[in-house]
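Hi,

Here is the structure I said I would pass on.

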Amino acid sequence: MKTWTSVLLMACVAAVPVAALDKEQTAQARKVFEANKNAVVFLTGVTQMELAAAGQTVEREGNFQTIGTVIDPSGMVVAALSTIGASGEQTVGAQRVLIKVKRHDQVKIVLEDGTEVPADVVLKDPDLDLAFIMPRKESDEYKAATWTVAAMDASAEVRILDTVLIVARVGRSFNLESIAGLSEISGVVTKPRKFYLGPTRPGAPVFTLGGQAIGITVMYKAPGDDSSRAVVVLPAEDVLKIAEQAKSAKPAEEEEETSPAPTDEEE
């Protein structure tokens with residue numbers, strides 16, 4: 001059984017050196033962290049997949065453990081699709097293996113107090129590496145839960161060398177502790193779409209020191225170029241556009257059936 005574990009789950013969430021903050025800036029960064037730490041939740045589940053290689057096809061399943069971010073008062077969570085299992089292609093030795101994810105089962109949103117809320121993956125965007133998870137509102141766990149929301153700010157802008165705050169969470173071995181790190185925006189890419197370079201923790205929300213949530217960190221791949229994978233911050237504007245579709249989506253069955261409708265820009 002294969003296990004997907006989010007990249008750098010137990011590691012520091014910032015990899016880019018930053019200038020030291022003064023006392024006032026540090027206090028402000030801590031305030032942003034405290035206000036948003038419970039919006040970052042732990043996710044667990046089982047990915048059902050089909051592997052095809054050398055003319056043969058087999059069924060497999062793999063556990064995933066990663067983080068996601070609550071972005072709506074309903075409890076809807078966004079995560080990096082690559083950390084829960086995505087369809088794609090891998091090379092094992094000299095053999096090419098095609099992976100088709102069929103569904104995600106036994107999905108749980110694990111809150112800061114350890115409460116496990118049953119949930120479903122309702123929408124996936126393989127191109128942007130986004131997965132949207134909706135808690136089951138009929139469950140007793142959902143009804144008793146309190147949801148902290150990281151409010152994505154579509155108007156937020158950062159520039160190269162700006163310092164940003166990344167909020168994440170470690171696993172059960174460390175009691176689901178909330179963690180934070182500072183990073184610098186090392187680049188701003190505008191084509192073929194806008195994203196920021198710097199933070200390196202897929203699934204984590206990224207904030208300005210003033211508290212604006214500028215986006216979610218994902219593993220991005222340029223269309224048609226498998227060698228171009230890189231961890232980037234997808235701006236809040238893009239996350240929110242797809243989140244609107246996810247609010248009315250039903251639990252996903254097959255990956256190709258759950259990609260969001262194209263935006264005007266993509267058409």
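Let me start with Lys247, which is partly exposed at a relative accessible area of 40% (buried means under 20%, exposed over 50%, partly exposed in between, with a 1.4 Å probe and protein chains only). Before I go on: this is a predicted model, where local features need pLDDT of at least 70, side-chain atom pairs count only at pLDDT 80 or more, and totals for chains, interfaces and linings use all residues. Residues are numbered from 1 along each chain as its sequence is written, and side-chain values use heavy atoms, leaving out hydrogens and water.

Lys247 makes a salt bridge with Asp72, with the closest N and O atoms 3.3 Å apart (a salt bridge being a side-chain nitrogen of Lys or Arg within 4 Å of a carboxyl oxygen of Asp or Glu). The two sit 175 residues apart, Lys247 in the segment after helix 3 (236-246) and Asp72 in the loop between strand 3 (56-70) and strand 4 (77-80); helices (H or I, at least four residues) and strands (E, at least two) are DSSP runs numbered from the N terminus. Asp72 is buried, at 14% relative accessibility. Lys247 also pairs with Glu244, at 2.9 Å between the closest N and O atoms, and Asp72, Glu244 and Lys247 are linked in a network of salt bridges.

Among the other pairs is Glu157 with Lys194, at 2.7 Å. Glu157 is exposed at 52%, whereas Lys194 is partly exposed at 27%. The count comes to 10 salt bridges.

Cheers
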